[in-house]
Amino acid sequence: MKKIISLFMMFSVFTLVLAACSSKEDGKGKPTKLVVSTWGFADDFFRPEVYEPFEKKHNVKIVVDSGNNADRLNKVRQANSDVDVIYLSDYYAQQGIDEGLFEKIDAASIPNMEHIYDQAKAPNGADYGPAYTIAQFGIAYNPDEVTAPISSWKDLWSKDLEGKITIPSITSTTGPMFLDAASKVSGSKEFKDDKAFAEMKKIMPNAVKEYGQTSEFVNMFSQGEIAAGPIMEMYFGDLQEAVPNAKFVSPKEGGYAVMNTVNIVKASDQKELAGEFLNYILSKEVQEKSAKAKIDSPVNTEVTLSEKEAKGLTYGEAVINSLHVLDMKVVNENSKQWIDRWNRELAH
């Protein structure tokens, strides 16, 4: 009996060892789960073109947790999810950093960081995640509905545009950028709260409403309710589908850089794999695919696009260098008082 038990135990151990070896050799062990928190748009592109190649290479199953910036960040705050990697605009990423929610990264462990624009390497500080794309915040307008071409932020204050524009809400990602633009319109080289709000009072008669979601802008523009307004260039293609003559301009005072970042959540138990994922999405291969599909503007400097491929994207060193970059730490420190003042003095 003892011999039988002994033989059975030896057989069991041998089977387990064989299974482990087989798993390592054929790479078909149980996939590791990596939870990626993102906006959820263009999943029909990201799933086959970005996620699946990474899954196959690393024997990983990517689980997408989608939603807007605020809701997804709140999940991490409240520990209501097992998110490993989180995509956020720089405005919300700064909040997560200030609250100690994200892991510090070692740029040396992410080789593709060397191949992205300097502006994208550390939008929220050298210890935290890069921007994987940079969008431009400028102006779109319908030339058939305005009396003169628009080339400046100041043009949006023209009386000819009364009741013809929309502006971003102060609580949106681009709201603080437009407030900064108002300060520039006042003639101030440095941001001045009082001057910015004084200019905002002047523009309000021109604004049909404040938009919180870009889809609101697109709907108003396509239905002819507005003729112009500040918007991110990445959404301009949607406007042109509805209004083929629409134009996008980078204002002569300069557009603004809207940086979408990616960070590793401190509570993640897959930090090494998350770092591999960060490196992967900064690669020339992924960045080029995304750019050519008109999904995201590339930050990898090795990506080369034709004029046609670059249309509608924030592309090229000259364009990137021309953009104003707000200090998101300063923005977050002042956002509450700006929101309160906006609601008191400006809200429709």
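On a 1 Å grid over the protein atoms alone, a cavity is a set of points where a 1.4 Å probe fits but cannot get out, and a pocket is an open set with protein on both sides within 12 Å along at least five of seven lines; lining residues have an atom within 4 Å of a point. Grid points are joined across faces, edges and corners, and a volume is the space filled by probe spheres set on the points. The model is predicted: local features need pLDDT of at least 70, side-chain atom pairs count only at pLDDT 80 or more, and totals for chains, interfaces and linings use all residues. Residues are numbered from 1 along each chain as its sequence is written, and side-chain values use heavy atoms, with hydrogens and water left out.

The whole structure holds three cavities of 30 Å³ or more. The largest cavity has a volume of about 90 Å³. Its lining consists of Phe 46, Val 50, Tyr 87, Tyr 132, Ile 281, Val 286, Gln 287, Ser 290, Asp 296, Ser 297 and Pro 298. Helices (H or I, at least four residues) and strands (E, at least two) are DSSP runs, numbered from the N terminus. Helix H11 (284-292) and H2 each supply at least two residues of this lining. H11 provides the largest share, three residues. Seven of the lining residues are nonpolar, three polar and one charged. In these classes, Ala, Val, Leu, Ile, Met, Phe, Trp, Tyr, Cys and Pro count as nonpolar, Asp, Glu, Lys and Arg as charged, and the others, Gly among them, as polar.

H2 gives the most to the lining, with three residues. The lining divides into six nonpolar, two polar and one charged residues.

H2 also packs against another helix. The axes of helix H2 (residues 43-58) and helix H10 (residues 271-281) come within 11 Å and cross at roughly 135°. Axes are lines fitted to C-alpha atoms, for helices over the stretch in contact, and angles run from 0 to 180 degrees between N-to-C directions. H2 is therefore oblique to H10. Contact (heavy atoms within 4.5 Å) joins Glu 49, Val 50, Tyr 51, Pro 53, Phe 54 and His 58 of H2 to Leu 273, Glu 276, Phe 277, Tyr 280 and Ile 281 of H10. Eight of these residues are nonpolar, one is polar and two are charged.

Helix H6 (residues 175-185) and helix H14 (residues 328-345) pack at about 80°, with axes 10 Å apart. H6 is therefore roughly perpendicular to H14. Angles under 35 degrees count as roughly parallel, over 145 as roughly antiparallel, 65 to 115 as roughly perpendicular and the rest as oblique. Pro 176, Met 177 and Leu 179 of H6 meet Met 328, Val 331, Trp 338 and Trp 342 of H14. This contact has seven nonpolar residues, no polar and no charged.

The largest pocket holds about 660 Å³ of space. It is lined by 24 residues, with Trp 39, Asn 69, Thr 173, Gln 213 and Tyr 235 nearest its centre. Ten lining residues are nonpolar, 13 polar and one charged. The second largest pocket has a volume of about 230 Å³. Of its 15 lining residues, Ser 81, Asp 82, Val 83, Ala 267 and Ser 268 are the closest to its centre. Seven are nonpolar, three polar and five charged.
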